[in-house]
Amino acid sequence: MKWLLVLIYACTSYAEDYVFPPNFQFGVATASYQVEGGWNASGKGENIWDVLTHNRPELIYDQSNGDIACDTYNKAITDVQLLKSLGVDFYRFSFSWSRILPVGTSNKINPDGIRYYNELIDELLKNGIKPFATMFHWDLPQPLQEIGGWPNPVVADLFVDYANVLFEHFGDRVKDWITFNEPAVFCGGGYEDGSKAPAYKGNGFGVYLCAHTVLRAHGKAYRLYESKYKASQGGRVGITLDTYWFEPSSDKPEDIEAGEITIQMNFGWFAHPIYSKEGDYPSVMKERIAEKSSTEGFPRSRLPEFTPEEIEEIRGSSDFFGLNHYTTNKCTPLPAGWGIPPSQWTDIGTMCYYETNWEIGASSWLAVVPWGFRKLLVWIKNEYNNPEVIITENGFSDKGELNDCRRINYYNTYLEELLKAIHEDGCNISGYTAWSFLDNFEWMRGFTEKFGVIYVDFDDPDRSRTPKMSYYVYKNILATKRVDWKFTPDSFNECEF
Ligand code: GBE
């Protein structure tokens, strides 16, 4: 009996026993529009989220906006002390394009924008925290939307001009750059399903044009850094892509194919051009959209084509793989006659859903499925030759409680799966970022869903901050480099897991 127990113990992998590698980096993240406020302060121009929330408040669950948000525009310096005490290696924040370039083009730079980010970056460095900067987290300057936004190919060049301003002013101190946050989400939301600014509803057309410009912009910004700044500044540039894990709904071949097609056309869409050996869009995506387009009577595919030069420019244009991951869906082929073509959804041709017994956060899309995280990490390893992955977002939403045991459960279980991916699957993962540092403006969901490890009182004109229980649990993980289910911070009640 005793030996049987020993055997069972030896064969079960206890992720609790795994530690994070010594050079593994931890951080927390925010995004400019979600936290800064100061929407019209000192020379800042308007962006598409200012315009959307002001003109169409009915689209936001609580009719709120990011005019003040967490007021980090005025609180950056004191917030750094909360980062310091948390013990993070880096802070992932994003630049507001229209705070730096009020009308989007680089002929006019706003000195107050440069000042604001200089002060934040200097304060981080003074406190031993690396700035990890995203150039674009969805807040496009409104004048660029007025010329069509991302579907207009010219916006790629304007983005590169903006990137050049950022490298020039901040690249002496910022060494870790992300060009874009989740292009699949802002292209799909902005130009296909209407769930993100500028909230256009499309028909399987603008969404691919948006993505095409973004990929070209990313490749060009990467090559600009490589040729003009890398030697002197010595930093690195990558991109952040997001995806659910798409689990086949059964082991039937058509369901397995549905899972694979879904990840290729939601994620491979961006990952394949950048990280695969061959470059360009995944072949399954090119074939499917060409075929659908032709049956729909289009003279050519709705998916634009890269030139051979563009394929080369984009291929390999990333020094790491930034990954945002939150949840998992199960997928099966779309039943015949479902969906109205042309659309991105009918192009993909699958139907994905949650199991009814999965735990759901305050966000209706956020099911807690930690094993999906590990499967995704292994899929990336196999598909793209084990690139260096940095988890640039992962987190859980609730209604803002301080005793946030469900968030702690989420972090503990997802981090355990990440540890298994490192130690058992050989995945090359070098960092992890909790979303989010602060409760903040959750896009169309307004302030109704909270992701922060710090509570922000949005009724208090001063936007006071109170660390939640998860803040201290995360702090303990960073300090001990392991997950400890028994750790209960002082003055909090123990969680029942
Ligand atoms: C990240 O995206 C964002 O980078 C970050 O800004 C945001 O605060 C964080 O997630 C939390 O949401 O019709 O609304 O139910 C779901 C995560 C929409 C990826 C939600 C879009 C998850 C992709 C559809 N999803 N998001 S619906």
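**Aromatic contacts, cavities and pockets in the predicted model**

The charged end of Arg 99 sits over the ring of Tyr 116, at 5.7 Å from its centre; the criterion is that NZ of Lys or CZ of Arg lies within 6 Å of the ring centre and within 35 degrees of the ring normal. The structure is a predicted model, in which local features need pLDDT of at least 70 and side-chain atom pairs count only at pLDDT 80 or more, whereas totals for chains, interfaces and linings use all residues. Residues are numbered from 1 along each chain as its sequence is written, and side-chain values use heavy atoms, with hydrogens and water left out.

Tyr 116 also belongs to an aromatic cluster that includes Tyr 91, Phe 93, Phe 167 and Phe 170. Rings of Phe, Tyr and Trp (its six-membered ring) are paired if their centres lie within 6.5 Å, and planes under 30 degrees apart count as stacked, over 60 as edge-to-face and the rest as tilted. By this rule the count comes to 66 aromatic pairs. In one of them, the ring centres of Trp 269 and Phe 270 are 4.6 Å apart and the planes stand at 40 degrees, so the pair is tilted. Phe 441 and Phe 447 form an edge-to-face pair, with 5.5 Å from centre to centre and 70 degrees between the planes. Both Trp 269 and Phe 270 are buried, as are both Phe 441 and Phe 447; buried denotes under 20% relative accessible area, exposed over 50%, and partly exposed in between (1.4 Å probe, protein chains only).

Phe 167 and Phe 170 are among the buried residues of α8. Helix α8 (residues 154–170) has 17 residues and reaches 25 Å from its first C-alpha to its last, close to the 24 Å expected at 1.5 Å a residue; the expected span is 1.5 Å times one less than the number of residues. Helices (H or I, at least four residues) and strands (E, at least two) are DSSP runs, numbered from the N terminus. Helix α8 is mostly covered, with 12 of its 17 residues buried.

The structure holds 3 cavities of 30 Å³ or more. On a 1 Å grid over the protein atoms alone, a cavity is a set of points where a 1.4 Å probe fits but cannot get out, while a pocket is an open set with protein on both sides within 12 Å along at least five of seven lines; lining residues have an atom within 4 Å of a point. The largest cavity contains about 100 Å³ of space. Of its 17 lining residues, Thr 72, Tyr 91, Phe 93, Tyr 116 and Leu 120 are the closest to its centre. Helix α4 gives the most to this lining, with 5 residues. The second largest cavity has a volume of about 50 Å³, and Arg 99 is one of the residues that line it.

The largest pocket has a volume of about 1,300 Å³. Among the 43 residues lining this pocket, Val 185, Asp 193, Ser 195, Lys 196 and Tyr 244 are the closest to its centre. Helix α9 provides the largest share of the lining, 4 residues. The second largest pocket, of about 310 Å³, is lined by 15 residues, of which Ser 301, Arg 302, Leu 303, Pro 304 and Glu 305 lie nearest its centre.

Technical notes. Grid points are joined across faces, edges and corners, and a volume is the space filled by probe spheres set on the points.
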